[in-house]
There are 2 protein chains.
Amino acid sequence: MATRPGPGVTLDAFTDRYAQRTHGMTASEIRALFAVASRPEVVSLAGGMPNLSALPLDAVGKLTGELISSRGAQALQYGSGQGDPHLRELICDVMALEGIEASSEDVVVTVGSQQALDLVTRVFIDPGDVVLAEAPSYVGALGTFAAFQAEVVHVAMDDEGLVPEALREAIAAVKAAGKKAKFLYTVPNFHNPAGVSLVESRRDEVLAICEEAGLLVLEDNPYGLLGFDAPPTRAIRARGTDASGRSDSVLYLGSFSKTFAPGLRVGWVLAPHAVREKLVLAAEAAVLCPPQLNQMLVADYLSTQDWQGQVAAFRSMSRERRDARLEALAQLMPAGTTWTHPTGGFYVWVTLPGELDSKLLLPRAVTARVAFVPGTAFYADGTGRNHLRLSYCYPEPERIREGVRRLSTVLDEEVELRATFGATGPGRASRRQAESPSPDMA
Amino acid sequence: MATRPGPGVTLDAFTDRYAQRTHGMTASEIRALFAVASRPEVVSLAGGMPNLSALPLDAVGKLTGELISSRGAQALQYGSGQGDPHLRELICDVMALEGIEASSEDVVVTVGSQQALDLVTRVFIDPGDVVLAEAPSYVGALGTFAAFQAEVVHVAMDDEGLVPEALREAIAAVKAAGKKAKFLYTVPNFHNPAGVSLVESRRDEVLAICEEAGLLVLEDNPYGLLGFDAPPTRAIRARGTDASGRSDSVLYLGSFSKTFAPGLRVGWVLAPHAVREKLVLAAEAAVLCPPQLNQMLVADYLSTQDWQGQVAAFRSMSRERRDARLEALAQLMPAGTTWTHPTGGFYVWVTLPGELDSKLLLPRAVTARVAFVPGTAFYADGTGRNHLRLSYCYPEPERIREGVRRLSTVLDEEVELRATFGATGPGRASRRQAESPSPDMA
């Protein structure tokens with residue numbers, strides 16, 4: 001007699017044929033909830049989508065139309081696997097704003113910086129190799145590391161970013177366990193999800209620790225130009241350089257997704273020369289070349305529009321939303337809740353009081369028409385349940401306040417329930433499998 | 001005393017840190033030559049770039065400008081990891097032209113069909129797994145298979161495409177050797193590089209052989225609508241279906257690179273439902289989502305323009321060039337040279353007389369201002385030296401004739417030299433490493 005599969009069991013006739021790495025690829029449990037959360041009545045504080053309402057769409061449309069009419073035979077054709085040479089020059093100018101001197105020869109244009117993460121991981125990671133990464137870390141990077149069967153070892157952060165002493169200890173522990181660490185993955189500016197930045201005074205030290213241990217630093221910097229209060233901090237990549245501006249220690253990842261438009265999928269990686277060659281070969285095997293139209297559009301945009309003025313407008317919008325968020329949190333969160341105070345970027349990291357479990361609370365929050373990302377998404381080891389990430393990049397300030405109000409109601413109820421009846425859930429800390437990010441969560 | 005590295009030796013300080021798979025990624029020896037071959041004085045018969053001169057650039061520019069002006073907030077934003085739902089519906093209409101019934105739920109939009117190759121390989125291939133593939137095979141697929149450390153076993157073709165009996169024997173040999181074959185990779189229509197098609201009468205048989213052996217068929221079909229003489233042949237995917245049009249045996253890859261514009265990098269894969277889920281997870285780890293702008297542009301183009309009329313125009317151009325190519329070959333090639341007679345697509349596959357070695361001849365050909373791709377690029381095992389691929393997609397007919405004339409001069413000289421002095425080169429059949437394709441060679 002045939003039996004019905006139990007809940008959550010997928011009948012997959014191909015299971016025996018998949019590669020080993022594929023068995024670690026499972027859809028996030030929270031993915032289904034996000035489908036619900038995309039309904040208009042839900043205030044999503046979950047997504048990392050920039051609010052593009054400030055973009056001059058008519059000007060960008062005109063620019064693109066002219067690009068295709070006048071240079072379409074090039075824009076619609078195959079291009080270089082490394083990326084358009086003119087755009088690579090302009091990317092060097094963008095990086096110079098953070099103190100980086102680089103040759104466009106060492107830049108590889110990628111399909112968003114997610115592809116840069118993928119290529120670097122593909123080139124360096126054998127199954128079982130260790131990646132050191134902040135606790136918490138960007139969910140999309142964790143998904144890529146898992147896709148190549150890396151083991152992620154988390155390193156503690158505090159309000160000043162990655163803790164150098166914790167990094168030293170983690171490196172020693174990995175070595176003592178006989179494992180091979182390949183690189184440190186870090187988001188030094190306006191961290192996703194933690195909302196903190198690596199202070200100036202720690203940057204040289206972090207780099208020195210990695211260099212001494214023979215580790216590369218993978219500096220992922222999508223938010224560097226989105227600081228509210230101060231000019232950009234000098235990049236880690238700007239520090240580990242020789243007289244000619246080259247570095248053999250840092251791979252730097254950048255993106256136009258937060259400063260222009262994510263729908264173009266244009267990012268880049270700046271790498272030591274030898275590594276750059278491998279990345280181009282890997283990129284060609286992956287996609288042949290990035291879309292030429294998108295690259296020429298970004299190049300035209302950078303060359304002809306006041307793009308830095310546009311970034312300033314994005315910053316102002318985010319700042320206003322950040323203020324609304326922090327004000328609402330201060331007014332509404334239950335006692336014992338704490339959160340970070342970001343000075344740029346998109347995210348606030350909230351720590352819940354007592355034993356509250358953000359993953360168990362998410363379905364109730366969605367029912368109450370508010371969505372967030374549970375902290376567990378940002379850890380490779382199943383921890384993070386008493387955290388959650390709130391983004392302030394997309395909704396209007398009034399919606400942000402309303403979202404926080406709805407969230408506070410859910411939290412208040414849970415606090416009260418627990419005070420009355422004790423814990424409502426088992427709080428299992430099951431080891432997290434590779435949860436590939438949905439774009440909502442970028 | 002420090003010694004200088006010998007010629008061809010790269011000092012790469014990262015060698016000890018790369019993943020195993022990276023050691024197989026080496027730049028093709030012919031890559032440097034193609035940099036020379038891109039000079040305007042060289043007639044390139046090497047590239048697989050479609051000639052876009054027939055595209056209505058003003059109309060496409062206008063379409064794109066309006067798309068951004070009116071729907072830019074969506075077009076420039078993150079999209080779905082699986083791809084735009086509207087475009088996926090339209091892709092089903094395109095596939096229906098080859099007899100495929102499919103649900104848009106089972107379509108994944110990719111960054112060109114190269115990314116579809118990459119995702120399928122990533123999901124199915126462990127190091128050492130076998131991929132069966134035609135002899136010769138598309139260089140970009142071989143690069144991807146090598147990047148995931150697959151072992152490629154070539155299967156003979158004749159003028160009617162893949163030889164079923166050779167497929168049976170290859171499957172038996174792989175099994176006898178205790179190896180695990182995962183899929184058959186095939187380009188059934190207007191094969192790249194061989195220029196032949198799998199005849200109707202063999203299609204059911206090839207599918208049945210694979211199904212019996214528990215192999216998937218990876219049907220790569222960028223050229224299916226580019227036949228000169230007849231309507232499209234029914235796809236393999238259209239055969240292995242149940243009553244509702246689903247198939248558990250075939251993964252079908254398609255692309256808009258040859259029917260619209262490669263610079264947009266929009267391709268797709270149609271997969272069995274369970275496999276589709278894995279492909280989406282792999283795609284999200286690789287790039288989060290394909291560029292939304294490009295997908296909406298293709299959707300608008302398909303919906304508002306006479307795209308099939310445009311494909312007919314591309315076909316006429318290619319046909320005229322094919323005729324010029326075949327005529328020039330018949331007039332100019334040295335005795336003993338043979339070639340295929342393609343009825344669609346972009347490529348003629350040439351077999352040289354006697355012991356002529358296309359790889360050794362390429363530098364002389366480039367000096368004589370003509371470029372081709374040596375046959376070795378299309379074999380995973382170092383063979384193919386007495387073949388070369390000539391494309392007829394890009395240059396004008398007059399340039400095609402001139403290119404063939406220059407090539408014939410080089411071949412004639414070599415034939416004469418050999419008649420006088422014997423072989424000029426060692427003819428080493430060194431085992432080929434993973435030669436990632438350059439986009440020129442797509």
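**Close-up views of a two-chain predicted model**

**View 1. A four-stranded open sheet in chain B.** The strands of this open sheet in chain B run in the order β11-β12-β15-β14, and the pairing is antiparallel. Strands are DSSP runs of E with at least two residues, helices are DSSP runs of H or I with at least four, and both are numbered from the N terminus. Two strands pair if DSSP finds at least two bridges between them. At the edges stand β11 (338-339) and β14 (373-374) of chain B. Each has a single partner strand, so one side of each is left without a neighbour in the sheet. Strands of a sheet pair through backbone hydrogen bonds, either parallel or antiparallel.

This is a predicted model: local features need pLDDT of at least 70, side-chain atom pairs count only at pLDDT 80 or more, and totals for chains, interfaces and linings use all residues. Residues are numbered from 1 along each chain as its sequence is written, while chains are lettered from A and ligands numbered from 1 in the order in which they are written.

View 2. β14(B) pairs with β15 (residues 387-391) of chain B over 2 bridges, in the antiparallel sense. Here B:P374 is placed opposite B:L388 of β15(B).

**View 3. The two domains of chain A.** Domain 1 of chain A covers 27-54 + 310-441, and domain 2 covers 57-304. These bounds come from an automatic or database domain assignment. The C-alpha centres of the two domains of chain A are 26 Å apart. Their contact takes 32 residues from domain 1 of chain A and 29 residues from domain 2 of chain A. Residues are in contact if their C-beta atoms, placed from the backbone, lie within 7 Å. On the domain 1 side, α11 (307-332), β12 (347-351), β15 (387-391) and β16 (434-435) of chain A give two or more residues each. α11(A) gives the most, with 6 residues. The domain 1 side holds 16 nonpolar, 10 polar and 6 charged residues. Ala, Val, Leu, Ile, Met, Phe, Trp, Tyr, Cys and Pro count as nonpolar, Asp, Glu, Lys and Arg as charged, and the others, Gly among them, as polar.

**View 4. Helices α11 and α13 of chain A.** The axes of α11(A) and α13 (residues 397-421) of chain A come within 9 Å and cross at roughly 25 degrees. That makes the pair α11(A) and α13(A) roughly parallel. Axes are lines fitted to C-alpha atoms, for helices over the stretch in contact, and angles run from 0 to 180 degrees between N-to-C directions. Angles under 35 degrees count as roughly parallel, over 145 as roughly antiparallel, 65 to 115 as roughly perpendicular and the rest as oblique. The crossing of α11(A) and α13(A) is right-handed. A crossing is right-handed if the near helix is turned clockwise from the far one by less than a right angle, and left-handed if anticlockwise. Contact residues in α11(A) include A:E320, A:R321 and A:L332; those in α13(A) include A:R401, A:R405 and A:S408.

**View 5. Helix α6 of chain A against α9 of chain B.** α6 (residues 139-147) of chain A packs on α9(B) at about 120 degrees, with the axes 8 Å apart. α6(A) and α9(B) are therefore oblique to each other. Their crossing is left-handed. A:G143, A:T144 and A:A147 of α6(A) meet B:A282, B:E284 and B:A285 of α9(B).

Note on methods. Contact = placed C-beta atoms within 7 Å.
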